[in-house]
Amino acid sequence: MADKTPHQNVTFPSSGAQAHGYLAVPESGKGPGVIVIQEWWGLTDHIRDVADRLAALGFVALAPDLYGGSITHDGEEAGQMMSQLPEAKGAQLLSGAVDYLLASDHVTSEKLGTIGFCMGGGFVLQLAAQQGEKIAAAVPFYGVGQGVPNDFSGVRAAIQGHYANFDQMYPPQQAKEQEEQIRQESGAEVQYFYYDADHAFHNDENPAGNYDPEQAAVAWQRAVDFLQAKVA
């Protein structure tokens with residue numbers, strides 16, 4: 001049975017409705033903006049922690065709640081919840097999050113970064129394809145699901161991907177083909193890194209049992225360095 005997330009602390013307009021999410025602001029009160037996109041588990045402690053870690057580094061981080069408050073740690077239930085999120089609905093909600101963050105007095109950057117995991121990694125790529133010049137940097141971690149676009153011609157962001165060599169949900173060969181497709185269709189700067197790990201290796205809440213602290217640390221540092229270089 002799905003639980004309710006305790007992490008909603010902000011409301012923003014999205015396609016004529018109200019959406020919710022978790023906003024983390026640095027001590028200075030201002031900084032470049034980053035959208036953090038959840039895994040199929042929902043707006044969990046781990047996603048809140050990613051946003052908090054980014055805020056501690058000086059970013060204004062917004063994690064939109066794509067499930068309207070529901071979270072789970074059961075794989076079968078997570079799969080059902082993901083399947084019940086239409087691609088168009090997720091994209092519209094994230095578009096509202098982009099507009100909200102760019103208009104925020106907390107945000108100093110003219111463009112945003114975005115980082116996401118699993119289902120969220122797929123939506124990271126879609127956001128970059130749909131939002132064009134509004135996104136400066138996109139960081140998908142083992143992106144899968146309905147958000148993965150078929151066409152990358154709209155991408156203007158630099159992209160840094162993090163994928164797992166032992167991933168059964170999205171095998172590395174598919175990731176390598178996607179990397180080349182993005183490069184060919186958009187002309188954007190793109191680099192994927194591949195790790196001797198399994199899907200969801202970055203999630204230290206570890207609901208799938210695949211957390212790899214050494215590989216996660218390497219990937220996180222690369223992602224942080226990339227966002228700091230590209231989003232200002």
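Visitor: Hi! Is Lys 111 buried, partly exposed or exposed?
Guide: Lys 111 counts as partly exposed, at 35% relative accessibility. Keep in mind that this is a predicted model.

Visitor: Got it. Which residue forms a salt bridge with Lys 111?
Guide: That's Glu 133, and the closest N and O atoms of the pair are 3.2 Å apart.

Visitor: How many salt bridges does the structure hold?
Guide: Seven. Among them are two in helix H5 that share Arg 183.

Visitor: Nice, tell me about those. Which residues are linked in the network?
Guide: Glu 179, Glu 180 and Arg 183 are linked by salt bridges. Glu 179 meets Arg 183 at 3.1 Å, N to O, and for Glu 180 and Arg 183 the closest N and O atoms are 2.9 Å apart.

Visitor: How far along the helix are they from each other?
Guide: Glu 179 and Arg 183 are four residues apart in H5 (residues 172-186), about one turn of the helix. Glu 180 and Arg 183 are three residues apart, again about one turn.

Visitor: What about exposure, is Glu 179 buried or exposed?
Guide: Glu 179 counts as buried, at 13% relative accessibility. Glu 180 is partly exposed at 34%, and Arg 183 is partly exposed with a relative accessible area of 31%.

Visitor: Switching to the sheet. What order do the strands come in?
Guide: Eight strands form an open sheet, ordered E2-E3-E5-E4-E7-E8-E9-E10, with mixed pairing. Strand E2 (10-14) and strand E10 (190-195) are at the edges. Each of these has a single partner strand, so one side of each has no neighbour in the sheet.

Visitor: How much are neighbouring strands turned against each other?
Guide: By 25° on average, if you ignore direction.

Visitor: Can you zoom in on E3 and E5? In what sense do they pair?
Guide: Strand E3 (residues 17-24) and strand E5 (residues 60-64) pair in the antiparallel sense, over four bridges. Ala 24 stands opposite Ala 61 in E5.

Visitor: Which strands does H5 lie across?
Guide: H5 lies across E9 and E10, and runs at about 170° to E10. Helix H6 (residues 213-230) lies across E7, E8, E9 and E10, with an angle of about 170° to E8.

Visitor: OK, E9 then. Where is His 162, and is it buried or exposed?
Guide: His 162 is in strand E9 (residues 158-164), and it is buried, with a relative accessible area of 0%. Leaving aside neighbours within four places in sequence, His 162 has contacts including Phe 141, Tyr 142, Phe 193, Tyr 195 and Arg 222.

Visitor: Last one: where does Leu 125 sit, and what does it touch?
Guide: Leu 125 is in helix H4 (residues 119-131) and counts as buried at 1% relative accessibility. Not counting residues up to four places away in sequence, Leu 125 touches Pro 140, Pro 149, Phe 152, Ile 159, Tyr 163, Gln 178, Ile 182 and Tyr 192.

Visitor: And how far is Leu 125 from Glu 185?
Guide: They are 60 residues apart in sequence and 13 Å apart in space, C-alpha to C-alpha.

Definitions and conventions
Residues are numbered from 1 along each chain as its sequence is written. This is a predicted model: local features need pLDDT of at least 70, side-chain atom pairs count only at pLDDT 80 or more; totals for chains, interfaces and linings use all residues. Side-chain values use heavy atoms; hydrogens and water are left out. Buried means under 20% relative accessible area, exposed over 50%, partly exposed in between (1.4 Å probe, protein chains only). Contact means heavy atoms within 4.5 Å. A salt bridge is a side-chain nitrogen of Lys or Arg within 4 Å of a carboxyl oxygen of Asp or Glu. Two strands pair if DSSP finds at least two bridges between them. Axes are lines fitted to C-alpha atoms, for helices over the stretch in contact, and angles run from 0 to 180 degrees between N-to-C directions.
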